[in-house]
Amino acid sequence: MTVQQINPEQINDANNKALQALELDYQHLALRLARDNIDIETITADAQQFAVALPSWGLGTGGTRFARFPGQGEPRNIFEKIDDCAVVQQLARATPSVSLHIPWDTPTDASELREYNSARGLSFDAMNSNTFQDQVGQQHSYKYGSLSHSQEAVRQQAIEHNIEVIKLGEQLGSKALTVWVGDGSNFPGQQHFSNSFAHYLESAGEVYAALPDDWSMLLEHKMFEPAFYSTVIQDWGSNYLAAKEIGERCKCLVDLGHHAPNVNIEMIVSRLAQFGKLGGFHFNDSKYGDDDLDSGSINPYQLFLVFNELVDLQQQASFAPFYMLDQSHNVTDPIESLMYSAAEVQRAYVKALLVDREALTNYQTDNDVLMAQGSLKAAYNLDVEPILQMARLRSGGAINPIGVYRQSGYRAQCAKSRPASSNSSSSGIV
Ligand SMILES: [Mn+2]
């Protein structure tokens with residue numbers, strides 16, 4: 001029996017009220033798609049299968065390097081974070097797994113945590129290590145880097161941390177390690193570019209050597225921050241070089257916010273995938289830099305274009321990258337943002353499924369530029385909301401997840417059962 005966070009009767013009542021309108025909208029869309037020889041039932045079934053992992057750190061209110069404004073009833077430990085993830089999944093039905101961040105989420109008993117998670121219908125996605133900040137009692141500081149540090153003892157400590165994360169992940173049923181390091185420099189001359197990259201390759205290679213056979217290692221690049229002059233794994237080029245050097249199951253992870261403004265991310269997706277090195281995705285949105293805004297909130301067309309590449313790849317070969325939301329919810333209720341964002345990512349996926357790929361290929365071959373771009377726009381401009389709603393309904397979720405969530409009073413209940421801790425206004429970036 002799955003532990004239900006929200007009363008199922010409440011979901012049923014709300015769904016029953018919304019059902020008639022949904023059925024009409026769905027029938028209308030089915031007729032519309034049938035004119036293009038698309039079977040709505042196939043698309044809805046695909047939408048039901050779509051999954052994107054939840055970041056454990058996304059359940060608390062985020063912050064910037066200036067301040068954090070705590071929300072009410074924030075989760076205080078990994079079990080409460082899982083409770084909140086279960087609410088997201090129960091209502092929105094696109095997020096069946098949780099990605100942990102170690103040591104933030106280190107459990108005292110791994111099997112207890114695994115059981116708690118699966119009792120709520122969830123599994124564990126990629127594990128995230130953390131060598132971008134110092135932990136209490138740690139012997140060496142990461143102030144000047146971790147896996148790429150100029151001193152061997154620091155590198156060794158960072159390697160050992162990553163190996164511990166793998167071991168914990170094995171106990172939890174995870175199948176991937178995501179490695180992001182903040183290593184870099186703030187001044188010209190501070191760091192020897194090729195030496196630090198060589199150190200990184202050697203250290204990451206040692207972590208890879210400890211990887212179980214059925215695991216993937218995902219390297220995440222980020223253009224800048226916390227280092228503002230140079231970053232060791234700064235771009236997809238450095239990432240690709242590293243992943244290629246380290247081993248076959250070492251792949252690149254693309255975070256939408258980790259590129260320079262206006263960079264063509266969908267082309268990066270295509271390039272990495274073409275050479276078998278696209279391993280995962282962190283979804284979010286941005287206006288200026290690594291803003292960590294909600295997926296699809298600023299540039300939903302870019303999200304669609306990314307999925308256009310992913311669907312194209314999926315249809316050519318077996319291709320199963322790790323998908324995760326990676327957002328910072330500074331001014332919204334994290335549960336609401338995650339439900340909304342999961343649906344936005346799912347929406348981009350569904351729209352990408354509707355692209356007439358045969359026609360697109362022909363337009364490309366004939367250099368019919370207007371119709372080629374028009375065939376993408378035709379899919380993007382369709383309103384697929386009835387498909388998303390029907391997918392949620394059929395998977396046991398809510399037609400209107402945010403409406404049901406607000407009605408349930410879950411947050412108010414948490415505000416009572418989870419009093420704010422004394423340091424809750426401190427801390428910055430999640
Ligand atoms: Mn990320």
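Predicted model: local features only at pLDDT ≥ 70, side-chain atom pairs only at ≥ 80, totals over all residues.
## Contact between H2 and H10

H2 contributes Ile-43, Asp-46 and Ala-47. H10 contributes Gln-346, Val-350 and Leu-353. By class, four of the residues in this contact are nonpolar, one is polar and one is charged.

Two packed helices are described by the angle between their axes and the distance between the axes. H2 spans residues 40-49, and H10 spans residues 334-353. Their packing angle is about 145°. Their axes lie 10 Å apart. The crossing of H2 past H10 is right-handed.

Helix H1 covers residues 8-34, a run of 27 residues. How far apart are the end C-alpha atoms of H1? The separation is only 34 Å. A straight helix would reach 39 Å at 1.5 Å a residue, and H1 falls short of that.

H1 also has a kink. The kink is centred on Leu-19 and amounts to about 45°.

## Cis peptide bonds

Ile-102 and Pro-103 are joined by a cis peptide bond, with omega about 20°. Pro-103 sits in a loop. On one side of that loop is strand E2 (97-101), and on the other is helix H4 (110-119).

A cis peptide bond also joins Glu-225 and Pro-226. Here omega is about 10°. Pro-226 belongs to the loop between strand E6 (216-220) and strand E7 (230-231).

## Backbone at Glu-225

Which loop holds Glu-225? Glu-225 is in the loop between E6 and E7. Its phi is near 75°. That value is positive, and the residue is not a glycine.

## The chain as a whole

The chain contains 15 helices and ten strands. Along the principal axes, its C-alpha atoms fill a box of roughly 65 × 60 × 40 Å.

Why does the radius of gyration agree with a compact globule? The chain has 430 residues, and a compact globule of that length would have a radius of gyration near 22 Å. The value for the chain is 22 Å, so the two agree.

How values were computed: Residues numbered from 1 in each chain as written. Axes fitted to C-alpha atoms, helices over the stretch in contact; angles between N-to-C directions. Helix = DSSP H or I, 4+ residues; strand = E, 2+ residues; numbered from the N terminus. Left-handed = near helix turned anticlockwise from the far one by under 90°. Contact = placed C-beta atoms within 7 Å. Nonpolar A, V, L, I, M, F, W, Y, C, P; charged D, E, K, R; others polar. Expected span 1.5 Å × (residues − 1). Bend = angle between axes of the 7 residues up to and from the residue. Rg over C-alpha atoms; globule rule 2.2 N^0.38 Å.
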